[in-house]
Amino acid sequence: MKWNKYTILTTTAAEDVISAMLGELGVEGVEIENHVPLTEQETGGMFIDFPLELPPDDGTSKVSFYLDAGQDDTKLLEQVYAALEEEKQYLDIGLGTITKEQTEDVDWMNNWKQFFQSFTIGNILIKPTWEQLKTEDKDKILIEIDPGISFGTGKHETTRLCIIQMQKYMKLLQDTVKEEGLRVLDVGCGSGILSIVALKLGAAHVTGIDIDENCITSSTENMQVNHLDDSLWNFYCGNLLEDEKMQQQEGRGGYDLVTANILADVIIPMAPLLMKCLKKDGILITSGIIDFKQQEVQKALTEAGFEALEANVDGEWVNLTARAKK
């Protein structure tokens with residue numbers, strides 16, 4: 001299906017008024033583009049390690065709306081032009097011009113799949129669910145992933161750094177753990193990729209937590225895709241930094257390994273809580289750390305009682321691996 005996209009070039013001061021005017025004329029939704037910086041309150045709920053860089057705010061705004069290309073838009077556009085002329089008498093609406101372009105329907109939920117293809121990390125093959133397994137890959141440890149709307153295909157530098165460290169330290173830990181086997185906590189589980197890796201590498205049980213309910217759904221579905229029995233894993237939605245019940249539940253020192261592929265500004269205040277989650281000499285594998293935050297995160301881990309073991313870099317991202325010294 002084709003759509004006509006109409007864009008009104010206006011001002012940020014007028015964008016709400018124009019949006020409301022379009023709604024009154026029967027337009028069911030608008031798209032607004034401007035260069036207004038996000039406030040501290042708006043960015044406070046976003047887990048981003050550095051601010052988004054926008055062009056300077058010049059006070060302009062684009063208000064766009066879409067109409068079915070198969071219908072006659074003449075009458076509606078006449079009403080829009082008339083309403084804009086009326087608004088000009090009371091409000092600075094800028095140029096108030098309207099441009100038109102035609103667009104196709106886009107399957108945003110599926111088109112990205114062309115960029116996610118099979119790849120290996122060590123002896124682990126990570127394969128999207130929609131690809132066929134190649135003959136030459138049959139001897140590898142297979143992990144199938146359908147990220148859906150959650151973060152985590154395993155191909156991002158931060159996830160790859162974690163997986164490489166998990167391959168190394170889980171093998172070392174398995175030589176020392178007792179009969180009950182390795183217990184792993186995945187903080188910020190996303191699509192469940194690291195939880196699946198943990199079980200595929202021999203963990204006896206994994207617990208995953210994330211602040212986003214969609215991640216819990218995605219992680220659960222990916223466990224099922226990989227035919228991992230539900231007795232081997234648990235996923236919970238919650239914020240370890242704020243949820244006291246979760247802190248008490250997970251902070252009993254019952255985990256041999258904790259992965260935290262999140263962000264520096266989350267790892268830093270969470271460091272003492274991560275220590276409480278680990279057994280004595282348990283291993284913490286962190287990533288999602290932008291390079292200029294490395295020393296700050298390392299300081300927080302040391303102050304929480306961790307012994308630094310490794311720091312690894314991939315592009316601008318850093319992994320820190322540490323041991324819980326209690």
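Of the 326 residues of the chain, 43% count as buried, where buried means under 20% relative accessible area and exposed over 50%, with partly exposed in between (1.4 Å probe, protein chains only). The structure is a predicted model, in which local features need pLDDT of at least 70 and side-chain atom pairs count only at pLDDT 80 or more, while totals for chains, interfaces and linings use all residues. Residues are numbered from 1 along each chain as its sequence is written, and side-chain values use heavy atoms, with hydrogens and water left out. The secondary structure comes to 10 helices and 14 strands, taken as DSSP runs (helices H or I, at least four residues; strands E, at least two) and numbered from the N terminus. Residues 24 or more positions apart account for 71% of the contacts in the chain with a separation of 6 or more, a contact being heavy atoms within 4.5 Å.

In helix 1 (residues 15-24), the buried residues are Glu-15, Ile-18, Ser-19, Met-21 and Leu-22. These residues lie on the same side of helix 1 because they cover an arc of only 160 degrees around the axis, the arc being that of the directions from the helix axis to the C-beta atoms. The face turned away from this buried side carries the exposed residues Asp-16 and Glu-24. The buried residues of helix 1 pack against strand 1 (2-11), strand 2 (31-34), strand 3 (60-68) and helix 3 (74-87). Just after helix 1, Gly-26 takes a positive phi of about 100 degrees.

In the contact between the two helices, Val-17, Ile-18, Met-21 and Leu-22 of helix 1 meet Val-80, Ala-83, Leu-84 and Glu-87 of helix 3. The residues of this contact divide into seven nonpolar, no polar and one charged.

Turning to the nonpolar cores, the largest has 34 residues, of which Val-187, Val-258, Met-270, Leu-274, Leu-301 and Phe-306 touch the most other members; a nonpolar core is a set of buried Ala, Val, Leu, Ile, Met, Phe, Trp, Tyr and Cys residues joined through side-chain atoms within 4.5 Å. At least two residues of this core are supplied by each of strand 8 (183-187), strand 11 (255-261), helix 9 (264-277), strand 12 (278-290), helix 10 (294-303) and strand 14 (317-324). Helix 9 gives the most to this core, with nine residues. Apart from this core lies another, of 33 residues, among them Leu-194, Val-206, Leu-228 and Leu-257.

Key. Ala, Val, Leu, Ile, Met, Phe, Trp, Tyr, Cys and Pro count as nonpolar, Asp, Glu, Lys and Arg as charged, and the others, Gly among them, as polar.
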